[in-house]
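This report covers a pocket, a strand pairing and a set of charged contacts. Please keep the sequence and the model open while reading.

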Amino acid sequence: IVPGPNFPYQIIFQRPVDFRNGFSEQTSFELERVFGDVSVLAGYNFNRGLHLPRLVDLNETYGPPGPLGLATIVPLNPLVSQLLTYQSAANSFYHALFLQVSRRFNRTLTLDAHYTFSKSIDESTDINFLPNNSLDAWADRGLSTFDQRHRLVISAVQQVPGGTGGPLSRWLGGWTLSPIVTAN
């Protein structure tokens, strides 16, 4: 997209070159065991995203060293503000260990607790943000903005039996109560 000929300080979006569709690979392993009326499940989940889109500025180059000897970044063409393009070169990695315990107390009450210990790493969480250095976009690899290390979910399902034991029992009967508590 070029706004006008010789217009200074343009922001130009360039057509991507060799763009590939992103995809993910996932693997998981689970073990489940029942101990009386308690069910215990433990598992591991891994998900990797490949060829994910990211935005880069092609109008950058390394300039002279700065005051502390660190490299500076200067525009290739000083009359162009940004020369942007999408690349299909970002990656993401997700690891999760989880443990779930369920117990059915009777025909009307079930409790469930689920804990996840996880880590999410990527180079580009959102395709609308530029990396800190487009010349080394992989240097932005780090924890995802949505990384959530610990997550605990406790839930219950209580069937309220219908009854004839009074007006309150008749009014509440046949309902299902399902409280959920989440901590992260």
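Strands E3 and E8 (142-143) each contribute at least two residues to the lining of the largest pocket. The model is predicted. The volume of this pocket is about 220 Å³. Its lining counts 16 residues, and those closest to the centre are Glu123, Ser124, Thr125, Asp126 and Asp140. By class, the lining holds 6 nonpolar, 5 polar and 5 charged residues.

**Strand pairing**

E3 spans residues 38-57 and pairs with E2, residues 23-35. The two strands run antiparallel, joined by 13 bridges. One of the residues involved is Phe23, whose bridge partner in E3 is Leu50. E2 and E3 make a hairpin, with 2 residues between the strands. Gly36 sits in the turn and has a positive phi of about 65 degrees. In a regular strand, side chains alternate between the two faces of the sheet.

**Salt bridges**

Side chains of opposite charge can pair when their charged atoms come close. Over the whole structure, 4 salt bridges are found. Three of these pairs are listed here, among them one with Glu123.

| Pair | N to O distance |
|---|---|
| Asp37 and Arg103 | 3.0 Å |
| Glu123 and Arg141 | 2.3 Å |
| Arg149 and Asp147 | 3.0 Å |

Which parts of the chain does the Asp37 and Arg103 pair link? Asp37 lies in the loop between E2 and E3, while Arg103 belongs to strand E6 (residues 80-106). The two residues are 66 residues apart. Asp37 is partly exposed, at 39% relative accessibility. Arg103 is also partly exposed, at 32%.

Next comes Glu123, which forms a salt bridge with Arg141. Glu123 and Arg141 both lie in the loop between strand E7 (109-122) and E8, so their pair ties together parts 18 residues apart in sequence. Is Glu123 buried or exposed? Glu123 has 6% relative accessibility; buried means under 20%, so Glu123 counts as buried. Arg141, in contrast, is partly exposed, with a relative accessible area of 43%. A network of salt bridges links Arg54, Glu123 and Arg141. Glu123 is also one of the residues closest to the pocket centre.

In the remaining listed pair, Arg149 meets Asp147 through their side chains. Arg149 is partly exposed, at 29% relative accessibility. Asp147 is partly exposed too, with a relative accessible area of 21%.

Definitions and conventions:
Residues numbered from 1 in each chain as written. Predicted model: local features only at pLDDT ≥ 70, side-chain atom pairs only at ≥ 80, totals over all residues. Heavy atoms only, no water. Pairing = 2+ DSSP bridges. Helix = DSSP H or I, 4+ residues; strand = E, 2+ residues; numbered from the N terminus. 1 Å grid on protein atoms, 1.4 Å probe; cavity = no way out; pocket = protein on both sides within 12 Å on 5 of 7 lines; lining within 4 Å. Points joined across faces, edges and corners; volume = space filled by probe spheres on them. Nonpolar A, V, L, I, M, F, W, Y, C, P; charged D, E, K, R; others polar. Buried < 20%, exposed > 50% of the residue type's maximum accessible area, 1.4 Å probe, protein only.
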